[in-house]
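Morning, everyone. I have one structure to show today. Please take a look at the screen before I start.

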Amino acid sequence: MNPQLFQLICFYAFGFVTVAAALSVITLKNTVHAVLALVLTFFSAACLWMLIDAEFLALALIVVYVGAVMVLFLFVVMMLDIDQEKMREGFVKFLPVGLIVAAAMLVEMLGLIGVRAMHAQVMGANPATAAGLSNTAWLGQALYTKFLLPFEIAALILTVGVVAAVALTLRERGDARYESASQQVKVNPRDRVRIVKMAAERPVDETPAPPQESTP
Amino acid sequence: MADQLINQLVWPIIFILCITVPLIIAVAMFVYWERKVIGWMHVRLGPSKIGPFGLLQAFADVVKLLIKEVILPTKANRFLYFMAPLLALIPALAAWAVIPFSSKMVLSNANAGVLYLLAMTSLGVYGIIIAGWASNSRYALLGAMRSAAQVISYELAMGLCLVCVLVLAGSLNLTDIVNAQAGGKGLFDWFWLPLLPVFVIYFISGVAETNRAPFDVAEGESEIVAGFHVEYSGSAFAIFFLAEYANMILVSFLASILFLGGWLSPLQGWIHADAPGWINWIWTGSWVWLFIKAFVMSFLFLWFRATFPRYRYDQIMRLGWKVLIPIAIVWVMVAGCMKFFGWVSIGVGA
């Protein structure tokens, strides 16, 4: 089996799994199942990226989205008590809005892909292999030299987002009780426990002890 | 055609079996060793009845688990309930693909080996969460919640530790990382010395990621019975057990590879004798050194379990977010300075 054929078979296999999982995200009735299908979609998309030698992107997708974001998402969805019947009630009511949004997105995507196809030439050789570097090394060099400013701005925006999220959720509640970590750390064992020094045995009387019952 | 098939399909499968089968046996012996060590630390004997010194105890336990009935709780989600142990086991085994046992012995010498390891270890949490949810049990769900929060928190600290190693080694490839620790100063050329705080943080995070004592609130026997796997019995439970112990051994190997020079000898550069191969490895390094280091690191897991009381849940979170992550972030910058000003020698005479 030549490598190209094998790659093609892998592409179709992963592509099929990706599409099937993405479809089941929106068709499955159980929300937890839908989230797990989304995880599978991400995972097989990462495999597809791996096939085109984009190993950093593929693994970052798994680490960030599958390993962290979706875990938290699953966390939230598992805690929800969703009434399945109620979820399906609004289907007809929201159908027109959904269709409009879907159509708009389809037009946008087609426009983007179509414009790209008209303007850009066929994609050149993989710049990483052309430079003789691994995908990760090439990406790192590009980000930290050529695209340093956009990269730093993106990092700044993310930091602002984190600070904003913390600021929005951090509310002092009057009736909540908090444990002060610094007080707990500063506690001295002598304040809590008193160790009493005493003889291990009482002095034995001279008179012989009464015969003890034998323990079983 | 047939040659290609054998080269591309049969040999890799044989290599995979050469890693996984000894790993599974190692897990069984590690369980025995754990019970022995904790027994000695408690001034007990530990398992001593089955086989010489109780050596066959683990195999007897495996047989017992395999012939026990697997119980499905009422209203449990059947598919996910049986899927969960596999989802825990697959990443635990898959991560071993990129571990280099010596300079030549590695299944997949992947360029992005460290990233692959991070990806695999972060996948392991799904088995735990799905097990907790699919069991339809309060205790299991609570255990899954605790585990998810803990694994995500400590993954950050672990990732930052790996960044420090990457900065010094200048590569994501595990073989290159080990080679970067070669030099003429013996064990002082390894990364544990310039990255000492990071080494400690990495191992603490590893203990927390594998849900081991003193961070085992996900199991928390005294509070939530056994956490996420409380409803599992028989072989399904055995698979969870296997995954947990395989992960422990993996963390031990990784700590040895990233910080303790992998297969390199602690005497490297000090002895330049010309000796036959069976004695040469003591100073030129071989897989034996890696196994010795990993054995010592895995012993720490058992030592911790016998020594420390369990952390409270909020203490675990505070330790992860407010102590380990800030120190690791500072050390990323320190590692950058070390590399930039050339304070550490990287891979001299490799």
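**His229(B) and the annotated spans**

Start with His229(B). It has 27 C-beta neighbours inside 10 Å, so His229(B) counts as buried. The cut-off for buried is 20 or more. Keep in mind that this is a predicted model.

Where does His229(B) sit? In a loop of chain B, with α8 (221-224) on one side and α9 (234-259) on the other.

What is His229(B) in contact with, leaving aside neighbours within four places in sequence? The partners are Ala131(B), Phe237(B) and Phe240(B). Now take Tyr154(B). It is 75 residues from His229(B) along the chain. The two C-alpha atoms are separated by 21 Å.

Look at residues 9-30 of chain B. That span is 100% helix and 0% strand. Its end C-alpha atoms are 31 Å apart. Now residues 323-346 of chain B. Here the model gives 79% helix and 0% strand. The end C-alpha atoms lie 29 Å apart.

Residues 35-52 of chain A are 94% helix and 0% strand. End to end, the C-alpha atoms lie 26 Å apart. Residues 147-170 of chain A come out at 92% helix and 0% strand. For that span, the end C-alpha atoms lie 35 Å apart.

That's my tour. Over to you.

Conventions: Residues numbered from 1 in each chain as written. Chains lettered and ligands numbered in written order. Predicted model: local features only at pLDDT ≥ 70, side-chain atom pairs only at ≥ 80, totals over all residues. Helix = DSSP H or I, 4+ residues; strand = E, 2+ residues; numbered from the N terminus. Buried ≥ 20, exposed ≤ 12 C-beta atoms within 10 Å, placed from the backbone. Contact = placed C-beta atoms within 7 Å.
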